[in-house]
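Dear colleague,

My findings follow directly after it.

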Amino acid sequence: RIIEMLYLVFLYRKTCKLIIVDVFGTKAFYFSCLIIVYSKLKNIPVLPVFRGGSLPERYNKNTKLFKYIFNKTILVICPSPFLSDFFSSRKIKTQIIHNYIDIKKYPFKYRERIKPKLLWVRSIHSIYNPVMAICVLKKILEYYPQARLSMVGPIKDNTIELIDKLIFKWNLQENVTLTGKLEKKEWIELSKDFDIFLNTTNIDNQPVSVIEAMALGLPIVSTNVGGIPNLLTHNQTAKLVDKNNISAMVNQIKDYLSNPSDSLFISKNARELIEAQYDEGVIIPQWINIIDEKMKTR
């Protein structure tokens, strides 16, 4: 992967006017650093975009490398105030440009009466804590025996093994569906059959899947980690709980089911927020402006 990235920069070094580099907190962080250094050597303007919610942890582990790569001469784009505040306080120049969607592709569904049909959309990876969704379902079934959960996303680590064990141990085979990775259109269509969206992550920044759920009118229950509180407001655009607090998430789901008018109020607020601040018509002009400015620097 890194060989291909470096090769492409070398191949287009004479014609490329700007390189935009997504930066995550995983091992791919080092790939991004190499690309940025190489781009500087070739005098190609570079625009890093901090994506990963675990980047603050990466900074604490690699502070000297961060200060060397992302010094005062380089502007970094952050999708949320969560990362922007963290890094600007450490003298890294940042600018906020939110993640976005094309709102026209996300039909809002009015869920005047909701059922315990839960939808989870993320990669099956430990940082997104999919096991919590299984545990929440088990507790919800004590109150709503007809409850079911659909988990959408590719398998990224061995967390799937624990999920399979719990499904078998608790006899949840009829209540849980693991779809694997779906195309965008497929999971949007699937969402019409579900009424509550779960976001169980332990680490996060500004997840597009949550933005999409807001646009679709799915009442959301999410952990309040990382940049989530910058995107969601408790009892206004979602319901928030502490990380890995299974009981709290179960109670918030029950609250939605007991108060359908409140769930509709929250989902309408969420849709309005996305239309006003996260639609491509709002965000793309911001990207055009910053790209134009950066391209002048070569």
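Leu11 counts as partly exposed, because its relative accessibility is 43%, a value that falls between the 20% limit for buried and the 50% limit for exposed residues. Please note that this is a predicted model. Leu11 belongs to helix α1, which covers residues 2-11. On the surface, Leu11 takes part in a nonpolar patch together with Tyr7, Leu8, Phe10 and Tyr12. The accessible area of these residues together is about 500 Å².

A second residue that I would bring to your attention is Asp262, located in helix α12 (residues 260-277). Asp262 is also partly exposed, because its relative accessible area is 38%. In sequence, 27 residues separate Asp262 from Asn235, while in space the two are 8.4 Å apart, C-alpha to C-alpha.

The largest pocket has a volume of about 1,400 Å³. Its lining is made up of 41 residues, of which Phe24, Arg122, Ser123, Tyr128 and Val208 are the closest to the centre of the pocket. What is the make-up of the lining of the largest pocket by class? It has 15 nonpolar, 14 charged and 12 polar residues.

With kind regards

Conventions. Residues are numbered from 1 along each chain as its sequence is written. This is a predicted model: local features need pLDDT of at least 70, side-chain atom pairs count only at pLDDT 80 or more; totals for chains, interfaces and linings use all residues. Side-chain values use heavy atoms; hydrogens and water are left out. On a 1 Å grid over the protein atoms alone, a cavity is a set of points where a 1.4 Å probe fits but cannot get out, and a pocket is an open set with protein on both sides within 12 Å along at least five of seven lines; lining residues have an atom within 4 Å of a point. Grid points are joined across faces, edges and corners, and a volume is the space filled by probe spheres set on the points. Ala, Val, Leu, Ile, Met, Phe, Trp, Tyr, Cys and Pro count as nonpolar, Asp, Glu, Lys and Arg as charged, and the others, Gly among them, as polar. Patches are made of residues with over 30% relative accessible area and no salt bridge: like charges are joined within 9 Å, nonpolar side chains (Val, Leu, Ile, Met, Phe, Trp, Tyr) within 5 Å. Accessible areas come from the Shrake-Rupley method with a 1.4 Å probe; for residues, only the protein chains shown count as cover. A salt bridge is a side-chain nitrogen of Lys or Arg within 4 Å of a carboxyl oxygen of Asp or Glu. Helices (H or I, at least four residues) and strands (E, at least two) are DSSP runs, numbered from the N terminus. Buried means under 20% relative accessible area, exposed over 50%, partly exposed in between (1.4 Å probe, protein chains only).
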